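Please read them beside the sequence and the structure.

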Amino acid sequence: MKIKNYFFLGLFFVSSILIAQEKKISGVVKGEDGIPLMGVNIVIENTSKGTQSDFDGNYTITANPQDVLVFSFVGYGSIKRQVGQQIVINIEMISDNTFEEVVVVGFGKQSKRKVTDNIASVSSSDINNIPIASMQGALTGKAAGVQITQINGKVEGGVKMRIRGVSSISSSQEPLYVIDGMPLINDDESVSEAPINPLISLNPNDIESIQILKDASSAAIYGARGTNGVVLITTKQGKSGKTKVSLNTSTGWSEATNKVKWLNAAQYVELFTEASTNSYGAEDTWLTEEGGYFDWMANGKDWRNGEVDTDWQDLALVKGSVQDHNFSISGGTDKTLFFISAGYNNTQGIVRGNNLDRYSFRGNLDHKISDKFRAGINTSLSKTKISRIGTDNSFSTPLQAIAQSPLTPAYLDDGIVPNNETSIYYNFLMQEYNGNWDVNIFRVLLNSYLEYQLLPELSFKTEFGYDNNNQTEEYFAGSLTESASTNGYADANAIQSDKYSINNYFTFAQTFNEVYDVEFVGGMSFEESSRSRQYVAGTGFPSDDLQTVESASEITAGTSSRTKYNFLSYFGRATFSIMDKYLIKGSLRYDGSSRFGASNRYGLFPAASVGWIISEEDFIKDSETISLLKLRGSYGLTGNAGIDNFASLGLFRGTSYNKKVALGPYQLPNQDLKWEKTDQVDVGLDFGILNNRISGEIDYYIKKTNDLLLNEPIPGTSGWSSITRNVGSLTNKGFEFVLNTNNVMSENLTWKTSLNLSTLDNEVTDLPNGDIVVERNIVREGETISSFYLVEYAGVDPANGDALFYLNTKKPDGSLDKTTTNNYNDAQRIISGSPYPTFMAGLTNTMSFYNFDFSFTLQGEWGASLYNEGGKFQSGNARYEDNQTADQLNRWQNPGDITMVPQARMYSTNGQQASTRYLEKSDFIRLRNLSFGYTFPKELTQKFSVDRLRLYFTGINLLTFTDYSGYDPESSYDDNGNSNIQKGITFYSSPPAKTFTIGLNIDL
């Protein structure tokens, strides 16, 4: 009995010692930027005992001194710490440079480390602190091989994204945008030729991440619409733990990135008086005499004594402003996650009269109904109002005011009513005074899902998405405007676009023998899109206060239309990982579209890729230098369905003949019309050095498009102008290089750099029916698509001031005759350049020092050119009355003068014809954005229950380095905004805004 008592006493004593050894460990887990990390896993090694860090990065866990704590988090390297005598263990997680992060792919997610495709990722931190209205604009310079250009400086201006070049001549050149699994409506619905960015209604601050699928293997899961690349947008979701309240508010001002130097009044008089003398003789003083043309322009002002000198450019390009306010609440539990946000953006443009207001709301909810059943819904509402101005090719657009003479007063003597009496052209200020053009866009996005875990390794997911885009435009020009002859004009245009999609698919994921990881995804998708339009116009208004068509005395035009198309698709993807180092992926999509002929309605789009993680091999696995070395290659076939809804059908439409009802043929049928297909090969190498402090990617791709969908001209004797056929092919190829470095990593100082470089070689490789020439551009076999096709300017004849041109006729040996001529009609057009860059680069630096943070992005393009279609008016050596660029003062005046500006001759052609005189290289480097911030100490802010308070300054387009002499090397003619062939043309096109903002980030 005593022995038993001693035994239990000893057992109790030993247990007490063991229990006494256990202690409570606490600490804070932060990232390299000093921001607390929520959701970090803290596990005692070789046990299942663990916890997670909370919203503030805090954690507590009970452990013994001999235990080892393992800290792990997606995108960061794991860290181990032995407990020992410590009771507080603070951890700074070090980024694993994205190779362990999870990226969104079509119909699923995948570890970045095991990705065998080329996918560019952009995070919310790269987007949210750039206060611009356009989501695409925030991506500029962030991804290799991706060119993003806003057509011009108008706030609603269309944005063109080109991923690895242009892959079509007549079909869509736009990527497919997918938000939370829902393919977006991306159609320009502008009533004019100048496009409106279809995605202007999206709030960039709601975006968590963007993945750009660049190669065919990643995009082929979207089959018929993957040729131009796919942009996957993931919006923000809540995280379990403390509810987070965030406010991001900023305000700022903007101005034009550049202004052009124009003649002032005295210079204008000098040049045009000389031009008149050269044309009509010194004795003809019709310009300068009392009561002459200059007196008429001046409208009673004494121009001879400098009483009038109007700077029309300053009236057109004004100081703008921007306000951007975003508020969000997010959080959740282990079962329910939520994210709610509201945003407001007000942008007063730098082009007079051009403004934008956007209100947005988003609500995302994810709920775990049971251990096997999940459901979620993402919704957003937005209302955008835009005050528009005329297209670049209209006198009512502000920038065409630069054509007005500086001798002309902008306003009448009352200083209120614009002077439309003595201006050379229509005074754009009258449109602001006596007219308006308003656009209202209301957009609803919804995506919901149900997911059921049938087995531990098998799940089924059904998704329903809906996109509704309603756009109305109302235009009014009063009795004092260009429409004075009809006593006013008004029109109204209303468009309703709807798209819904249904996806049903299974996902099977299993690991066999801890060696083979297998994942299968298979399912179907159905989409239907519809669009209806109503348009009406009228003239004759009893009062300028009555500005809708309802008050018009005569309805001059009216139309309505509706259309619909759909896709039915089946898809599958299989991914294999063997020993965590040999990677294989294959996908297949079978797409059907109502747009194509009955003979070719369905298309098959396969893709495959392989990868080899060399750094997992025994001969390199233990290297202290190489952290990651992955070789990958892919091949795939994608399609393009961006054509008219009924392009394959023979169409008729109602008409009238001799005032009687009739039915007339409208379009020729082509039942053999089929998919435009692009096959792409990509070979790449991913690397990481020194625990991924240096990492990057190197890629080479060849992308060939066959069976181009082309509106092919046919002989007019057929009664038709063109027919849509599958004709020709073109190729894009290039290198891409990405380098990410953690230059400095210390407790109080961090510095990261990301560099991307890319080349592009575009060539039309087959065009059976010969050249396609559209004004200044040409599509020709063996050349870059949309190459410039111009007469070559040779300068000025020093003897007489005549403009000269190179003949460029072919000699018997095949070379070009470089003899010069002053007869423009004798000179031949030649390929003179390309509107597309051959080399692009982006450089982003991010730094933090104690509580300060600083970042900037430089972006550059080389190899492209811009043709100034307005040059014949703006720099036309005083042929017309238009004001001239200041360089026209360098004109030829005397025999022997060496200059590139011909003699000024009024109303006489001397070098103003279309030629390389008005073509310039548009190479540039731009400081795209810059941000400087200070985060107040937490010890201070928490006294006011504020977890984070950051004050910041942001600049956009602060500096541009270029030799281009026009307004901007990226701005182009918005009337050509939706043309696939007419590219690289500028015509009174406004520059982008240079913006400065000050803001606050507040987290509660």
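1. Aromatic pairs. This is a predicted model, and 39 aromatic pairs are found in the structure. In one of them, Tyr590 and Tyr602 are stacked, because their ring centres lie 5.1 Å apart and their planes meet at 15 degrees. Tyr590 belongs to strand β27 (residues 582-593) and Tyr602 to strand β28 (residues 602-613), so the contact ties together parts that are twelve residues apart in sequence. Tyr590 is partly exposed at 37% relative accessibility, and Tyr602 is partly exposed at 41%.

2. An edge-to-face pair. Tyr793 and Phe805 have ring centres 5.9 Å apart and planes at 65 degrees; the pair is therefore edge-to-face, as the angle is over 60 degrees. Strand β42 (residues 793-796) holds Tyr793 and strand β43 (residues 803-806) holds Phe805, so this pair also joins parts twelve residues apart in sequence. Tyr793 and Phe805 are both buried.

3. An aromatic cluster. One cluster is formed by Phe852, Phe854, Phe856, Phe932, Tyr934 and Phe936.

4. Salt bridges. The whole structure contains 51 salt bridges. Among them is the contact of Arg388 with Glu156, at 3.2 Å from N to O. Arg388 is placed in the loop between β21 (373-387) and α6 (429-434), and Glu156 in the loop between β11 (146-150) and β12 (159-163), so the bridge ties together parts 232 residues apart in sequence. Arg388 has a relative accessible area of 6% and is buried; Glu156 is buried as well, at 1%.

5. Lys581 and Glu617. What is the burial state of these two residues, buried or exposed? Lys581 and Glu617 form a salt bridge whose closest N and O atoms are 3.2 Å apart. The bridge links distant parts of the chain, 36 residues apart: Lys581 is in the loop between β26 (554-578) and β27, and Glu617 in the loop between β28 and α7 (618-621). Both Lys581 and Glu617 are buried.

6. Glu869 and Arg776. The closest N and O atoms of this salt bridge are 2.8 Å apart. Glu869 lies in the loop between β48 (865-868) and α8 (871-874) and Arg776 in the loop between β39 (772-774) and β40 (777-779), so parts 93 residues apart in sequence are tied together. Glu869 and Arg776 are buried.

7. A salt-bridge network. Salt bridges link a network of residues that includes Lys112, Arg164, Lys630, Asp682 and Glu736.

8. Surface charge. A patch of negative charge on the surface gathers Glu283, Asp284, Glu289 and Glu290. Glu289 sits in the loop between α3 (265-280) and α4 (293-298) and is partly exposed, at 38% relative accessibility.

Definitions and conventions
Residues numbered from 1 in each chain as written. Predicted model: local features only at pLDDT ≥ 70, side-chain atom pairs only at ≥ 80, totals over all residues. Heavy atoms only, no water. Patch = residues over 30% accessible without salt bridge, like charges linked within 9 Å, V, L, I, M, F, W, Y side chains within 5 Å. Areas by Shrake-Rupley, 256 points an atom, 1.4 Å probe, with all protein chains shown as cover. Salt bridge = Lys/Arg side-chain N within 4 Å of Asp/Glu carboxyl O. Lys, Arg positive; Asp, Glu negative; His and termini not counted. Charge placed at Lys NZ, Arg CZ, Asp CG, Glu CD. Helix = DSSP H or I, 4+ residues; strand = E, 2+ residues; numbered from the N terminus. Buried < 20%, exposed > 50% of the residue type's maximum accessible area, 1.4 Å probe, protein only. Phe/Tyr/Trp six-rings, centres within 6.5 Å; stacked < 30°, edge-to-face > 60°.
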